[in-house]
Amino acid sequence: MKAGHRDHPNYWAFVLHRVSGVLLALFLPVHFQVLYLAIKKASAFDGFLAWAEMPMVKLAETVLILLLAAHLTGGLRLLALEFLPWRDGQKTIVALTGGISLVIGLVYLLNAA
Amino acid sequence: MSGDTLTVSVWRGDGDVGRYQEFEVPRQESQTVLDVVTYIQRHIDPTLSYRFACRVGVCGSCAMTVNGKPRWTCRTHVSKVAGDGRLEVAPLRNLQVIKDLSVDMTDFFDKWARAEGRFQGAQTRDDDFAQVSPDSPKRRRASAGIECIGCGVCYASCDVVAWNQDYLGPAALNRAWTLVNDVRDIADKQRLKAVAGDAGCHACHSQQGCVERCVKHLNPTQSIAGLKRATALAALKGELE
């Protein structure tokens, strides 16, 4: 049976929020590892910084920023939906959160280049 | 119109065991999906089970899954959903199938009762009519959700219902919200308690499939968001103890 009831922007936003949350949680240990290097192992950290200058790593970082921006704007959207007076045009708000996330990702990429 | 006949796949079976059976149905002008199902039962296979009553979008008994989406079949024109001359008709999702296209609505309506969906007033027939201004905010909020016909389309569109069998669902919570805004009703505290639990309003993920599909263009997500705020406020005041 087709799942036609899921074919709308608010559902896509729900999936994006979930997936970005899981991926960010998976990234956290790596983040802490780098923090550990910065504090405890200066030479290894310098090596990491050099590695992080590679274009592919910059691109991967941009994806990370996109995930972070999508999760942040999506979370703010949900908080507003649940705790502020209702606003019609929820799909427009979903589009806005998507647009803002893309802009944030693009700005990061331009600065990284 | 796309040809003289429609190819219709109809779910046949009871419970989880069944299969799709194909029928050829003559195409007619202004034909609804309910017309198609009725044609099959009256002219091809009288053993086909389905449910309907009013045929005009009032009673809420003919909802089915049409080409993957829950819809009220009596108000769904074939021309709108079967562009390629094919229809797939299945029972509503998230409800136990009795046979073919008929589902058991017991769970659905039991949840209305669990959400304290019954009006409880304090006045008797000897009291005067309650005066409720149509412009008051509470009356407006109640009016926004009150036209529900109980068809179960929102319930079938909701993934949270599919994931959590106890979840009260969009229709029952929408009903609770209309009563929370009914100034004549005196059961708000127990109602907010009833909808504040794990299976209540806070289980909603705001996916808004219910809003997307509601045949009456109601907004259960808005009602549920209202309940989320009301229960949060009640919890802060210690009224949910």
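Let's start with chain B, whose secondary structure comes to 10 helices and 7 strands. Keep in mind that what you're looking at is a predicted model. Along its principal axes, the C-alpha trace of chain B spans about 65 × 35 × 30 Å. The chain has 241 residues, and 42% of them count as buried. If you take the contacts in chain B with a separation of 6 or more, 65% of them come from residues 24 or more positions apart.

Now pick out one helix of chain B, α3, which runs over residues 106–114. Which of its residues are buried? They are B:Phe108, B:Lys111 and B:Trp112. These three cover an arc of only 105° around the axis, so they sit on the same side of α3(B). Turn to the face pointing away from that buried side and you'll find the exposed residues B:Thr106, B:Asp110 and B:Ala113. And what do the buried residues of α3(B) pack against? Their partners are α5 (153–157) and α7 (170–180) of chain B.

As for handedness, α7(B) passes α10(B) in a left-handed crossing. On the α7(B) side, the residues that meet the other helix are B:Pro170, B:Ala171, B:Leu173, B:Asn174, B:Ala176, B:Trp177 and B:Val180. On the α10(B) side they are B:Pro220, B:Ser223, B:Ile224, B:Gly226, B:Leu227 and B:Ala230. Sorted by class, this contact has 10 nonpolar residues, 3 polar ones and no charged ones.

Chain B also has a couple of backbone details to look at. B:Ser30 has a phi near 55°, a positive value in a residue other than glycine. You'll find B:Ser30 in the loop between β2 (17–26) and α1 (33–44) of chain B. Is B:Ser30 buried or exposed? It has 8 C-beta neighbours inside 10 Å, so B:Ser30 counts as exposed. Then there's B:Gln208, which isn't a glycine either but has a positive phi of about 65°. B:Gln208 lies in the loop between α8 (188–195) and α9 of chain B. This time there are 28 C-beta neighbours inside 10 Å, so B:Gln208 counts as buried.

Next, see how the two chains meet. On one side are 18 residues of chain B, and on the other are 16 residues of chain A. Three elements of chain B each supply at least two residues to its side: β4 (69–72), α9 (209–213) and α10 (220–236). Which of them gives the most? That's α10(B), with 4 residues. By class, the side of chain B that touches chain A has 3 nonpolar, 10 polar and 5 charged residues.

From the chain A side, A:Arg6 is a handy landmark. This residue is in the segment before α1 of chain A. Leaving out residues up to four places away in sequence, A:Arg6 touches A:Tyr11 and B:Gly209. It has 18 C-beta neighbours inside 10 Å, so A:Arg6 counts as partly exposed. For a sense of distance, A:Arg6 and A:Tyr108 are 102 residues apart in sequence and 32 Å apart in space, C-alpha to C-alpha.

Finish with a pair of helices in chain A: α1 (residues 9–40) and α3 (residues 55–83). Their axes come within 9 Å and cross at roughly 125°. α1(A) and α3(A) are therefore oblique to each other, and their crossing is left-handed. α1(A) brings A:Ala13, A:Leu16, A:His17, A:Ser20, A:Gly21, A:Leu23, A:Leu24 and A:Phe27 to the contact. From α3(A) come A:Leu64, A:Leu67, A:Leu68, A:Ala70, A:His71 and A:Gly74. The residues of this contact divide into 9 nonpolar, 5 polar and no charged.

Conventions:
Residues numbered from 1 in each chain as written. Chains lettered and ligands numbered in written order. Predicted model: local features only at pLDDT ≥ 70, side-chain atom pairs only at ≥ 80, totals over all residues. Axes fitted to C-alpha atoms, helices over the stretch in contact; angles between N-to-C directions. Parallel < 35°, antiparallel > 145°, perpendicular 65-115°, else oblique. Left-handed = near helix turned anticlockwise from the far one by under 90°. Contact = placed C-beta atoms within 7 Å. Nonpolar A, V, L, I, M, F, W, Y, C, P; charged D, E, K, R; others polar. Buried ≥ 20, exposed ≤ 12 C-beta atoms within 10 Å, placed from the backbone. Arc of directions from axis to C-beta.
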